[in-house]
Amino acid sequence: MAEKAKNSVDTMITTLDPGMKEIIYSGGDINVIVTTDKEAKICPIREAFQKVFGRATVNGLSSQPLSIASQPIGFDNGLKAAKERIQALRMNTSSIPQNQVIVSIENFIVDISDDK
């Protein structure tokens with residue numbers, strides 16, 4: 001009964017002030033780092049983890065690919081850039097444990113056919 005009341009209050013608070021959602025649902029055993037500091041990319045990941053796991057802390061840290069252009073072309077380069085962002089973050093941030101969950105998002109251009 002108490003859990004149902006708590007969920008109702010949480011729903012009411014987040015309806016009145018959507019910015020409280022991050023505070024109410026942060027914490028718990030899940031901690032995720034996203035390889036960007038752009039809130040527009042972090043927010044959907046935070047919402048997804050919190051929807052699935054209930055409570056999750058999702059933060060972003062800026063990271064750049066090492067050998068791929070800032071705007072990759074093609075699926076292979078997009079995947080490689082995402083992997084390189086994770087690798088660069090692990091190399092440059094000594095405070096991140098090896099078992100830390102890191103999610104990387106990469107925008108890329110789809111090369112449908114040659115020269116198009």
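Which residue forms a salt bridge with Arg85? Glu106 does, and the closest N and O atoms of the pair are 2.5 Å apart. A quick word on what you're looking at: this is a predicted model, where local features need pLDDT of at least 70, side-chain atom pairs count only at pLDDT 80 or more, and totals for chains, interfaces and linings use all residues. Residues are numbered from 1 along each chain as its sequence is written, and side-chain values use heavy atoms, with hydrogens and water left out.

**Overall layout**

- The chain has four helices and three strands, taken as DSSP runs numbered from the N terminus (helices are H or I with at least four residues, strands are E with at least two).
- Start at the N terminus and the elements go α-α-β-α-β-α-β.
- The chain has 116 residues, and 27% of them count as buried; that means under 20% relative accessible area, while exposed is over 50% and partly exposed is in between (1.4 Å probe, protein chains only).

**Salt bridges**

- Side chains of opposite charge can pair when their charged atoms come close.
- The count here is three salt bridges, each one being a side-chain nitrogen of Lys or Arg within 4 Å of a carboxyl oxygen of Asp or Glu.
- Back to the opening pair, Glu106 and Arg85, joined at 2.5 Å between the closest N and O atoms. Glu106 sits in the segment after β3 and Arg85 in helix α4, so their bridge ties together parts 21 residues apart in sequence. Both Glu106 and Arg85 are buried.
- Another bridge links Arg46 with Glu39, at 2.7 Å from N to O. Arg46 counts as buried at 6% relative accessibility, whereas Glu39 is partly exposed at 41%.
- Asp37 and Lys38 also meet through their side chains, with 3.9 Å from N to O.

**The largest pocket**

- The largest pocket has a volume of about 220 Å³. Here a pocket is an open set of points on a 1 Å grid over the protein atoms alone, where a 1.4 Å probe fits, with protein on both sides within 12 Å along at least five of seven lines. Grid points are joined across faces, edges and corners, and the volume is the space filled by probe spheres set on the points.
- Its lining is made up of 15 residues, meaning residues with an atom within 4 Å of a point. Thr36, Lys38, Lys41, Gln64 and Arg85 lie nearest the centre of the pocket.
- Sorted by class, the lining has two nonpolar, eight polar and five charged residues. Ala, Val, Leu, Ile, Met, Phe, Trp, Tyr, Cys and Pro count as nonpolar, Asp, Glu, Lys and Arg as charged, and the others, Gly among them, as polar.

**A nonpolar patch on the surface**

- Phe75, Val110 and Ile112 make up a nonpolar surface patch, with about 360 Å² of accessible area together. The areas come from the Shrake-Rupley method with a 1.4 Å probe, and for residues only the protein chains shown count as cover.
- Patch members need over 30% relative accessible area and no salt bridge, and nonpolar side chains (Val, Leu, Ile, Met, Phe, Trp, Tyr) are joined within 5 Å, like charges within 9 Å.
- Ile112 is in the segment after β3 (101-103), and is exposed, with a relative accessible area of 75%.

- Gly74 sits in the loop between β2 (56-60) and α4 (75-92) and counts as buried at 14% relative accessibility. From Gly74 to Asp111 is 37 residues in sequence, but 5.3 Å in space, C-alpha to C-alpha.
- Val103, in strand β3, is partly exposed at 21% relative accessible area.
- Ile68 is in the loop between β2 and α4, and is buried at 15%. Ile68 and Ala81 are 13 residues apart in sequence and 5.8 Å apart in space, C-alpha to C-alpha.
- Asn59 belongs to strand β2 and is partly exposed, at 40% relative accessibility. Ile42 is 17 residues from Asn59 in sequence, and 7.1 Å away in space, C-alpha to C-alpha.
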